[in-house]
Amino acid sequence: MNAAASLGFVVQQEILHTVARDVERVLARPLPTLTSIVTPEFFNGILNQGDCPGKNFYSHGAFLDALSSYDRFGRAGTQDDSKREIAAFFAHASHETERFCFTEEKDGATKYYCNETDLQYPCAPGKLYYGRGPLQLTWNYNYGPAGQENNFDGLNNPEIVANDPAVSFRTALWYWMRSVHKIITSGQGFRATIEAINGALECGNLAESGKVESRVNYYTTYCSQLKVAPGDNLRC
């Protein structure tokens, strides 16, 4: 190896070592704890201050209680990734419940959310599986497994999702981690989270465009509060 080649090799090695050290520093940097992001001020600022059924139901403490069962929530990727996931979760919850005003779907008792072909999670006689909780959990095939994972009988006691604040948040996080978490943390954008939650009804439907805008507005607002860019691909 001549002198020039030897010098080039040394320079190349130094560059590789520098890059490796920078990567180690990034990986070693701890993500902020979720309590430092979802502060009481942030959470309470979301709450609808009107005369709401959920006013004294949803609380910062109940959210943290539920969070202990889902320790991967808000902890994937970079600090900005964490903040975007948190903003997305609360954006959808804000839209579904009108900023935590409602614990149950309006006129839910008049709607039929029983998939009678689902033999694994059969509907219990007299029980209704309309929307409840932060993400308005619906259908027997969601209540059943959500209950199994969170130690309650979702098929025979779906009402608990609107009666126990911690259970209510656990079911929302259960659905999120199963159906949305990988979408938002893989960089697909907020648009894909709308598609995962209610895309069949809202995406591409001009009559429902207001609902899409509602979700996006909440998301961008919370991203701003958390000081993180919302990213691209916001609307479906």
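Let's start with the aromatic rings: a search of the whole structure, which is a predicted model, turns up 23 aromatic pairs. A pair of aromatic rings is described by the distance of the centres and the angle of the planes. Take phenylalanine 100 and phenylalanine 169 as one of these pairs. Their ring centres are 5.9 Å apart and their planes meet at 65 degrees, so this pair is edge-to-face. The cut-off behind that name is an angle over 60 degrees.

Now look at where these two rings come from. Phenylalanine 100 belongs to the loop between α5 (79-97) and α6, while phenylalanine 169 is part of helix α7, so the pair ties together parts that are 69 residues apart in sequence. Both phenylalanine 100 and phenylalanine 169 are buried.

A second pair to find is tyrosine 113 with tryptophan 139. Here the ring centres are 5.3 Å apart and the planes are at 85 degrees, so this pair is edge-to-face. Tyrosine 113 and tryptophan 139 each lie in the loop between α5 and α6, and they are 26 residues apart, so the pair links distant parts of the chain. Are these two residues buried or exposed? Tyrosine 113 has a relative accessible area of 17% and is buried, whereas tryptophan 139, at 26% relative accessibility, counts as partly exposed. The reasoning rests on a cut-off: buried means under 20% relative accessible area.

The charged end of arginine 132 sits over the ring of tyrosine 130, at 4.0 Å from the ring's centre.

Next, move along to leucine 155. You will find this residue in the loop between α6 (140-149) and α7 (165-179). Leucine 155 counts as buried because its relative accessibility is 14%. Which residues does leucine 155 contact, leaving aside its neighbours within four places in sequence? They are Tyr121, Pro122, Ala124, Lys127, Tyr129, Asn140 and Gly144.

Finally, let's turn to a database record. An unreviewed UniProt entry lists residues 52-74 and 167-177 for "domain: Glycoside hydrolase family 19 catalytic". Over residues 52-74, the chain is 35% helix and 0% strand, with its end C-alpha atoms 28 Å apart. Residues 167-177 are 100% helix and 0% strand, and there the end C-alpha atoms are 15 Å apart.

Definitions and conventions:
Residues are numbered from 1 along each chain as its sequence is written. This is a predicted model: local features need pLDDT of at least 70, side-chain atom pairs count only at pLDDT 80 or more; totals for chains, interfaces and linings use all residues. Side-chain values use heavy atoms; hydrogens and water are left out. UniProt positions are given in the numbering used here, feature names are shortened, and annotations may be inferred rather than shown by experiment. Helices (H or I, at least four residues) and strands (E, at least two) are DSSP runs, numbered from the N terminus. Buried means under 20% relative accessible area, exposed over 50%, partly exposed in between (1.4 Å probe, protein chains only). Contact means heavy atoms within 4.5 Å. Rings of Phe, Tyr and Trp (its six-membered ring) pair if their centres lie within 6.5 Å; planes under 30 degrees apart count as stacked, over 60 as edge-to-face and the rest as tilted. A charge sits over a ring if NZ of Lys or CZ of Arg is within 6 Å of the ring centre and within 35 degrees of the ring normal.
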